[in-house]
Amino acid sequence: MRQHRKLFQLKNTAKDKLEGKYGVTIRLFLLNMLITGVVHLLINSVGSNTVNSVYSLTGSASAARGMSFVFDILLLAADIVLGVMNAGIAFYFLKVACGEPFLVKDLFYGYKTDSKKILLISGAVVLCQTLCLGPFQYLCANYLRTREDRWLLYALAAMVVGLCIYVPVSLGIAMSFYLALDFPGNTGREILSRCWHIMKGQRGRLFGLEMSFLPLMFLCILSFGIGFLWLLPYMQMTYTYFFLDLMNPEKKI
């Protein structure tokens with residue numbers, strides 16, 4: 001019979017594999033964060049200036065809100081396009097795990113091969129997060145604007161409901177980018193369906209793995225975020241070994 005490895009074994013294997021490689025993996029995440037940050041900054045900056053200009057010219061709050069909505073959609077589209085880099089990150093760490101040569105430019109692998117499929121998967125991941133957690137963010141914004149307690153209560157309720165939906169769904173498609181690399185002949189929908197099927201009975205393990213990083217995340221926050229430069233590669237390497245173990249568990253006699 002075959003048995004999956006314990007979570008602490010996956011983490012120890014990831015830690016050993018990253019020894020001497022943290023420098024290059026940190027550069028990968030820094031590049032990803034830099035590109036994402038610049039795109040978000042540009043859209044938010046242009047959006048804010050445009051909304052203010054529309055309100056100044058028209059004096060209409062509804063027109064300003066409409067323009068703000070347009071830039072929210074633009075930001076959502078940008079997140080979907082930028083999310084394609086997650087396939088590159090998965091590709092990069094699979095190469096590290098398998099002992100193959102890896103380069104920072106692997107970050108853009110998803111844009112160079114079957115990008116439509118990767119884009120569909122990225123869209124599913126981003127839309128899942130937006131639909132489940134977007135209402136909470138909207139209600140929080142209303143509370144900060146009005147300081148009315150009712151909006152805070154609505155926001156908390158939306159957060160609870162949103163997380164109850166988001167957590168199982170996101171866990172169910174969490175390995176989609178890895179599967180897209182492992183099954184290049186499948187379409188985006190087939191990859192998402194396959195991932196959902198494979199993760200049945202495994203979502204609890206993945207959730208436990210994610211929760212096991214919480215103490216380290218807390219320490220990273222205390223370090224003003226600097227510690228995340230080392231934690232993110234460690235987490236991604238562990239997820240990579242989770243996927244490899246998921247697809248090929250150890251043989252036990």
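1. Salt bridges. The count of salt bridges comes to three, a salt bridge being a side-chain nitrogen of Lys or Arg within 4 Å of a carboxyl oxygen of Asp or Glu. Side chains of opposite charge can pair when their charged atoms come close. This is a predicted model, in which local features need pLDDT of at least 70 and side-chain atom pairs count only at pLDDT 80 or more, while totals for chains, interfaces and linings use all residues. Residues are numbered from 1 along each chain as its sequence is written, and side-chain values use heavy atoms, with hydrogens and water left out.

2. Lys95 and Asp106. These two form a salt bridge whose closest N and O atoms are 3.1 Å apart. The pair links distant parts of the chain, eleven residues apart: Lys95 sits in helix α4 (residues 85-97), and Asp106 in the loop between α4 and α5 (109-112). Helices here are DSSP runs of H or I with at least four residues, strands are runs of E with at least two, and both are numbered from the N terminus. Lys95 and Asp106 are both buried. Buried means under 20% relative accessible area, exposed means over 50%, and partly exposed is in between, with a 1.4 Å probe and protein chains only.

3. Asp245 and Arg205. A second salt bridge joins the side chains of Asp245 and Arg205, at 3.6 Å from N to O. Asp245 belongs to helix α12 (residues 228-247) and Arg205 to helix α10 (residues 203-211), so the pair ties together parts that are 40 residues apart in sequence. Asp245 is buried, at 3% relative accessible area. Arg205 is buried as well, at 18%.

4. Glu148 and Arg150. The side chains of Glu148 and Arg150 also meet in a salt bridge, at 2.8 Å from N to O. Glu148 is partly exposed, with a relative accessible area of 33%, and Arg150 is partly exposed with 42%.

5. Helices α6 and α7. The axes of helix α6 (residues 115-146) and α7 come within 8 Å and cross at roughly 165 degrees. Axes are lines fitted to C-alpha atoms, for helices over the stretch in contact, and the angles run from 0 to 180 degrees between N-to-C directions. The two helices, α6 and α7, are therefore roughly antiparallel to each other. By the cut-offs used, angles under 35 degrees count as roughly parallel, over 145 as roughly antiparallel, 65 to 115 as roughly perpendicular and the rest as oblique. The crossing of α6 and α7 is left-handed. A crossing is left-handed if the near helix is turned anticlockwise from the far one by less than a right angle, and right-handed if clockwise.

6. Helices α1 and α10. The axes of helix α1 (residues 7-17) and α10 come within 10 Å and cross at roughly 55 degrees. The helices α1 and α10 are therefore oblique to each other, and their crossing is right-handed.

7. Surface patch. Leu152, Leu153, Tyr154 and Leu156 form a nonpolar patch on the surface, with about 380 Å² of accessible area together. Patches are made of residues with over 30% relative accessible area and no salt bridge; like charges are joined within 9 Å, and nonpolar side chains (Val, Leu, Ile, Met, Phe, Trp, Tyr) within 5 Å. Accessible areas come from the Shrake-Rupley method with a 1.4 Å probe, and for residues only the protein chains shown count as cover. Leu153 is part of helix α7 (residues 149-172) and is exposed, with a relative accessible area of 58%.

8. Positive phi. Most residues other than glycine have a negative phi, and most peptide bonds are trans. Arg147 has a phi near 60 degrees, a positive value in a residue other than glycine. Arg147 is in the loop between α6 and α7 and counts as exposed, at 54% relative accessibility. Phe224 likewise has a positive phi, near 60 degrees. Phe224 lies in the loop between α11 (214-222) and α12 and is exposed, with a relative accessible area of 79%.

9. Ser122. Ser122 is placed in helix α6 and is buried, with a relative accessible area of 1%. Ser122 and Asn86 are 36 residues apart in sequence and 8.1 Å apart in space, C-alpha to C-alpha.

10. Overall. The protein chain has twelve helices and two strands. From the N terminus on, its elements run β-α-α-α-α-α-α-α-α-α-α-α-α-β. The C-alpha atoms fill a box of roughly 75 × 40 × 40 Å, taken along the principal axes. Of the 253 residues in the protein chain, buried residues make up 36%.
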